[in-house]
Amino acid sequence: MKMVIITCVSDYEKDITKILEKAEVNAFSAFNIDGYRNDKNEFDLQSWFPSTRLGTESLMFFSFDTSDKIKNLFKHLKEYNDTLDSSPVRAAVMPIEESI
């Protein structure tokens, strides 16, 4: 089992929900976040969040699922990002060593 985390600007909420459905990710959670980036940070997050003092209204989705479904999800997210001019969707996968 793996955990996938997706972040995006709030404007993409409906699109990401549709992508999760298309990838057959049947259970996920989402919550509102404010994204910030400190330009003085040496670690480049590839503009994960824009550099703005007010923050950016964003969303974070997460789900626990199989590797196959997550690979399919990443395929759809990459295709979606190819249609965007700015503010790409970001996603990361983490292995789950143990759960209850």
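**A first tour of the chain**

Student: So Phe62 is partly exposed, at a relative accessible area of 23%. In which strand is Phe62 found?

Tutor: This is a predicted model, by the way. The value of 23% isn't under the 20% needed for buried and isn't over 50%, so Phe62 counts as partly exposed. As for its place in the chain, Phe62 sits in strand 3.

Student: How far apart in space are the C-alpha atoms of Phe62 and Val4?

Tutor: In sequence, 58 residues separate Phe62 and Val4. Still, Val4 is among the residues that Phe62 touches beyond four places in sequence, along with Met3, Ile5, Phe28, Ser29 and Phe31. From C-alpha to C-alpha, the distance between Phe62 and Val4 is 5.5 Å.

Student: What about Ser63: is it buried or exposed?

Tutor: Ser63 also has its place in strand 3. Beyond four places in sequence, Ser63 is in contact with Lys2, Met3, Val4, Val25, Ala27 and Phe28. Its relative accessibility is 3%, and the cut-off is under 20%, so Ser63 is buried.

Student: The backbone oxygen of which residue lies 2.7 Å from a polar side-chain atom of Ser63?

Tutor: Look among the contacts of Ser63, which include Val25, Ala27 and Phe28. The backbone oxygen at 2.7 Å from a polar atom of the Ser63 side chain belongs to Ala27.

Student: Why do the buried residues of helix 1 line one face?

Tutor: Helix 1 covers residues 13-22, and its buried residues are Ile16, Ile19 and Leu20. Looking down the helix axis, these buried residues fall within one arc, so they line one face. Lys14, Lys18, Glu21 and Lys22 are exposed on the other side.

Student: Which residues have the most contacts inside the largest nonpolar core?

Tutor: That core has 17 residues. Strand 1, helix 1, strand 3 and helix 2 each give two or more residues to the core. Ile6, for one, touches Ile16, Leu73 and Val89, among other residues beyond four places in sequence. The residues with the most contacts inside the core are Ile6, Ile16, Leu73 and Val89.

Student: Last one: which element has the highest mean pLDDT?

Tutor: Across the protein chain, the mean pLDDT is 86, and 82% of the residues reach 70 or more. Among the elements, strand 2 has the lowest mean, 90. The highest mean is 97, and it belongs to helix 1.

Terms used:
Residues numbered from 1 in each chain as written. Predicted model: local features only at pLDDT ≥ 70, side-chain atom pairs only at ≥ 80, totals over all residues. Heavy atoms only, no water. Buried < 20%, exposed > 50% of the residue type's maximum accessible area, 1.4 Å probe, protein only. Helix = DSSP H or I, 4+ residues; strand = E, 2+ residues; numbered from the N terminus. Arc of directions from axis to C-beta. Polar contact = N/O pair within 3.5 Å; in protein donor to acceptor, adjacent residues only side chain to side chain. Contact = heavy atoms within 4.5 Å. Core = buried A, V, L, I, M, F, W, Y, C linked by side-chain atoms within 4.5 Å. pLDDT = per-residue confidence, 0-100.
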